[in-house]
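Thank you all for coming; I would like to take a few minutes to walk through one structure with you. Please have a look at it first, and then we will go through it together.

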2 protein chains.
Amino acid sequence: MSDQKPAKQRKDAGGILEQFGNNIVTDVNAGRNPKFVTLTRTRSNIKYNDKAGILSLGDAQEERNFLNVAQTKRFMQTIAIAAKCHKFVRENLSTSIRGLFYQLKYSLGEDIDENIFNEQSESNPLIEDLEVALNLKREDLKLNANRKGVVAGNMRVIDKFGGETVEIDVSKSGRSGWAIPSDVDNDIEFADVKAKYVLSVEKDAIWQLLNQDGFWKKENCILISPQGQASRGTRRLIRKLADLDLPVYVFNDADAWGWYIYWTIKTSSINLAYMSKEIATPEAKFIGVTMSDIEHYSFLKDLTMKATDVDLKRAQELLEYSWINKHKPWVDELNKVLKTKTKLEQDALQGPRLTFVDDYIKDKIKNKEFMP
Amino acid sequence: MSDQKPAKQRKDAGGILEQFGNNIVTDVNAGRNPKFVTLTRTRSNIKYNDKAGILSLGDAQEERNFLNVAQTKRFMQTIAIAAKCHKFVRENLSTSIRGLFYQLKYSLGEDIDENIFNEQSESNPLIEDLEVALNLKREDLKLNANRKGVVAGNMRVIDKFGGETVEIDVSKSGRSGWAIPSDVDNDIEFADVKAKYVLSVEKDAIWQLLNQDGFWKKENCILISPQGQASRGTRRLIRKLADLDLPVYVFNDADAWGWYIYWTIKTSSINLAYMSKEIATPEAKFIGVTMSDIEHYSFLKDLTMKATDVDLKRAQELLEYSWINKHKPWVDELNKVLKTKTKLEQDALQGPRLTFVDDYIKDKIKNKEFMP
């Protein structure tokens with residue numbers, strides 16, 4: 001059980017966007033070249049931060065100028081995006097990055113003969129530019145990301161939404177659980193989080209199995225499934241729960257996807273390195289399944305699967321990352337896959353009986369048998 | 001608003017499985033060849049049932065015999081599956097078809113040298129055999145399908161789950177909505193469904209947009225998103241809501257996926273033709289978006305997209321189906337796509353303002369501008 005830290009002050013996205021716009025206007029009025037600064041997001045500026053234990057951006061900056069022929073169009077497009085987001089924030093209405101794209105395509109088409117946005121691939125990187133330049137998340141700009149992920153456990157959600165406040169008792173969400181939204185920061189609070197730890201389970205089917213068996217009640221944990229790769233919202237929620245000093249355990253397949261999902265939750269990913277501090281949980285531990293499990297649970301020997309080329313390639317890649325190969329258990333684990341050319345799914349634990357999955361997790365946690 | 005019909009008697013899956021097993025044992029004890037009968041699920045036995053307005057199986061039957069060398073292994077495998085499902089029903093624990101596969105692989109490995117299940121592709125069709133032979137759904141056999149789909153609106157869910165009964169007020173589910181589970185029939189009830197109609201919205205992003213704007217409150221409707229192709233659970237829920245005499249409107253993209261999702265909700269699909277009666281909603285109407293919308297909303301002209309080869313191929317295919325080409329509006333619509341080689345997304349309605357989507361839907365419903 002954990003005392004809750006006070007909620008951080010919510011960011012004033014509207015005010016930040018206004019300041020951004022005012023700076024541009026001031027530049028224009030003073031006859032200066034309007035500009036803003038963002039951080040470089042190319043691979044060369046993405047580093048593993050050993051101290052923080054996350055992938056993050058280095059210090060390399062880039063300036064976006066209006067009076068630079070190569071940048072003029074993108075500069076103007078970025079300002080158009082900022083203006084739209086400011087409108088969304090004022091109206092308190094969110095949309096998707098697809099919805100934003102259509103608004104940009106529409107509104108600019110009114111006065112200008114040429115569409116300045118033709119493809120969404122033009123607007124997406126400029127949204128990221130803004131996120132980084134303004135130190136705001138897309139969700140703060142009222143741009144929802146795809147949502148995925150589900151929770152069960154003893155906690156309440158206080159959701160100020162659509163002009164109404166609803167309180168959701170996540171412990172009373174039955175077979176469905178509470179679906180994790182895109183934005184878990186703005187106009188939403190998590191209260192009475194009464195749990196000893198957070199368990200993230202890769203597959204929704206295994207989450208359902210544990211939920212029906214009341215695993216989270218018996219164990220007093222918050223049971224999450226990212227339902228595959230973790231969405232931004234799910235990663236952010238795990239981060240927020242870790243901020244309440246709850247240990248985070250991740251239970252995935254021993255294969256390319258399972259490892260990737262784990263390391264993404266733990267250290268963030270290349271694509272979202274610019275917001276790792278908000279979504280990475282370096283405290284997370286991997287509880288399984290592992291190839292070493294076969295030594296303890298001999299029935300698993302008959303339930304391994306042939307590793308695919310993707311699994312083997314990923315294992316090789318992970319062995320090259322300094323933040324992974326510094327951990328001997330991971331080197332051993334990945335080498336076992338490369339040597340035996342087999343992999344193991346978490347579903348296999350259902351072999352002897354469905355509730356064996358429960359016992360496996362409980363034993364791992366009791367005996368602190370984690371991978372770093 | 002609609003009075004609710006009394007809930008149908010839940011099927012006694014345990015009893016049906018026991019009867020199935022007893023029949024086999026009786027055959028064996030009497031020295032007869034154990035067998036059971038299922039319906040043929042190959043393409044040749046799948047017909048469009050004009051009267052019911054759904055794709056369904058014809059009368060062609062197949063016998064599964066133990067004493068038929070070509071069938072012996074599959075017969076034995078089917079009995080093993082039935083035995084496992086019987087155990088799940090008795091224990092009141094569900095799993096996935098992947099979980100079942102691992103149980104089969106495990107348990108048979110105990111006594112027999114050779115694995116009789118090596119791939120899940122062996123067990124999947126045998127599960128369907130059982131579903132058809134026993135007139136039960138996979139969910140009745142405690143085998144969960146992938147779940148997807150979300151609901152907002154004035155209704156309550158009474159979920160008897162994990163030894164507890166929870167009541168969920170779907171109108172108080174905030175930004176997340178209520179996530180539609182795999183099984184919406186067993187140990188679950190829907191009560192106080194107070195709505196004038198059901199609206200199914202292809203994309204989750206558009207569902208979120210309508211939900212935040214309180215569309216379902218203002219319009220008094222049940223707002224569903226299948227979040228892409230509709231899961232079995234979502235189709236079954238739409239069918240159950242239609243059984244309460246609520247009109248069902250479907251709001252999708254005007255492209256290959258949008259049409260496919262609509263026709264799957266309405267008439268069911270080839271793959272699930274064996275259970276169409278339970279999951280098809282032939283009463284459903286298509287409210288848009290359509291290529292004809294461009295004539296009414298001229299801004300949409302600038303917001304069309306280039307149709308892909310998949311879109312054009314699908315349009316051509318749909319024009320060949322008798323249950324589609326009998327409707328002139330659909331013939332015109334599909335021909336417009338083929339002629340202009342363009343398509344339209346529902347997201348495009350956000351062009352002028354985010355809430356334009358609301359007005360579009362309201363107008364269509366008010367003016368009864370539906371496609372059949």
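Predicted model: local features only at pLDDT ≥ 70, side-chain atom pairs only at ≥ 80, totals over all residues.

When chain B is superposed on chain A, what is needed is a rotation of 180 degrees with 0.0 Å of shift along its axis, and the RMSD is then 0.0 Å. The two copies are thus related as by a two-fold rotation axis.

Now, which parts of the chains meet? The contact takes 46 residues from chain A and 46 residues from chain B. On the side of chain B that touches chain A, several elements of chain B supply at least two residues each, including strand 8 (156-161), strand 9 (164-169) and helix 5 (204-212), while the largest share, 7 residues, comes from helix 3 of chain B. Sorted by class, this side of chain B has 17 nonpolar, 19 polar and 10 charged residues. Because 100% of the interface residues of chain B are also interface residues in chain A, the copies meet through the same surface.

Let me turn to the cores. The largest nonpolar core has 169 residues, and those with the most contacts inside it include Val198(A), Ile222(A), Val198(B) and Ile222(B). Leaving aside neighbours within four places in sequence, Val198(A) is in contact with several residues, among them Cys221(A), Ile238(A), Leu246(A) and Tyr249(A). Apart from this core lies another, of 10 residues, including Ile46(A) and Met275(A).

Definitions and conventions:
Residues numbered from 1 in each chain as written. Chains lettered and ligands numbered in written order. Contact = placed C-beta atoms within 7 Å. Helix = DSSP H or I, 4+ residues; strand = E, 2+ residues; numbered from the N terminus. Nonpolar A, V, L, I, M, F, W, Y, C, P; charged D, E, K, R; others polar. Core = buried A, V, L, I, M, F, W, Y, C linked by C-beta atoms within 7 Å. Buried ≥ 20, exposed ≤ 12 C-beta atoms within 10 Å, placed from the backbone. Least-squares fit on C-alpha atoms with pLDDT ≥ 70 in both.
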